[in-house]
Amino acid sequence: MTDLSTTRARAWALRRSDGMVMGFTDHDRDLAFDGLVFRAGTGMTAAAVVQGTGLAVDNTEAAGALSDAGLTERDILAGRYDGADLTIWEVDWLDPAWRRVLFRGTVGEIVRAGGAFKAELRGLTEPLNKAGGRVFGALCPADASSSEIVTS
């Protein structure tokens, strides 16, 4: 294995809501692994992926240029990237078999401006941020003192 500090690149695999899978890399040449070509020159970059331990929510963002080679404004407006599955790897570009997953999650809100985009990346623990279930309190209409059983 080579020194990853000098041969490191990032690769993104994006599965859109219509099933189309796209690969991108920040390397200056295309990379290929897992049966997918990760295209260079798409202008895609990602902020540092900050991951916590336990059940902390891991979110980050990606930015890039809107282009025919990458993400198009038409596809964004059509909602094809809403909730798209995303995996980001750190890859040894000399030997892509040496890689590790940095992030796995979905694409959240996408903001477009000036021919570019910025996308929120939501980690797998994002659903833990959503409130769910019922809340029972002192003013709850349920009557726990009733022992009546209703059968039909």
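These notebook entries record what I looked up in the structure.

**Entry 1: the model**

I noted at the outset that this is a predicted model.

**Entry 2: salt bridges**

I began with the charged side chains. Side chains of opposite charge can pair when their charged atoms come close. I recorded a count of 8 salt bridges.

I first examined Arg-8 and Glu-90, whose side chains meet in a salt bridge with an N to O distance of 3.3 Å. This pair links distant parts of the chain, for Arg-8 belongs to strand β1 (residues 8-15) and Glu-90 to strand β7 (residues 85-92), 82 residues apart. Arg-8 has 46% relative accessibility and counts as partly exposed. Glu-90 has 12% and counts as buried, because buried means under 20% relative accessible area.

**Entry 3: a network of charges**

I turned next to Arg-16 and Asp-18. Their side chains form a salt bridge at 2.6 Å, N to O. Arg-16 is buried, its relative accessible area being 7%. Asp-18, in contrast, is partly exposed at 44%.

I also looked up Arg-80, which forms a salt bridge with Asp-75; the closest N and O atoms are 2.7 Å apart. Here Arg-80 is partly exposed at 29% relative accessibility, whereas Asp-75 is buried, with a relative accessible area of 13%. Which residues do the salt bridges with shared partners join into one network? I wrote down Arg-16, Asp-18, Asp-75 and Arg-80.

I returned to Arg-16 for a further contact. The charged end of Arg-16 sits over the ring of Tyr-81, 5.3 Å from the centre of that ring.

**Entry 4: aromatic rings**

How many aromatic pairs are there? The count comes to 3 aromatic pairs. Phe-33 and Trp-89 are both buried.

I then took up Phe-38 and Trp-89. Their ring centres lie 5.7 Å apart with the planes at 80°, so this pair is edge-to-face. Again distant parts of the chain are linked: Phe-38 is in strand β4 (residues 36-38) and Trp-89 in strand β7, 51 residues apart. I looked up the accessibility of both partners. Phe-38 is buried at 1% relative accessibility, and Trp-89 is buried with a relative accessible area of 10%. I concluded this entry with the cluster into which ring pairs link Phe-33, Phe-38 and Trp-89.

**Entry 5: one backbone angle**

Finally, I looked at the loop between β3 and β4, where Asp-34 has its place. What is the phi of Asp-34 near? I recorded a phi near 55°, which is a positive value in a residue other than glycine. Asp-34 is exposed, with a relative accessible area of 58%.

Technical notes
Residues are numbered from 1 along each chain as its sequence is written. This is a predicted model: local features need pLDDT of at least 70, side-chain atom pairs count only at pLDDT 80 or more; totals for chains, interfaces and linings use all residues. Side-chain values use heavy atoms; hydrogens and water are left out. A salt bridge is a side-chain nitrogen of Lys or Arg within 4 Å of a carboxyl oxygen of Asp or Glu. Helices (H or I, at least four residues) and strands (E, at least two) are DSSP runs, numbered from the N terminus. Buried means under 20% relative accessible area, exposed over 50%, partly exposed in between (1.4 Å probe, protein chains only). Rings of Phe, Tyr and Trp (its six-membered ring) pair if their centres lie within 6.5 Å; planes under 30 degrees apart count as stacked, over 60 as edge-to-face and the rest as tilted. A charge sits over a ring if NZ of Lys or CZ of Arg is within 6 Å of the ring centre and within 35 degrees of the ring normal.
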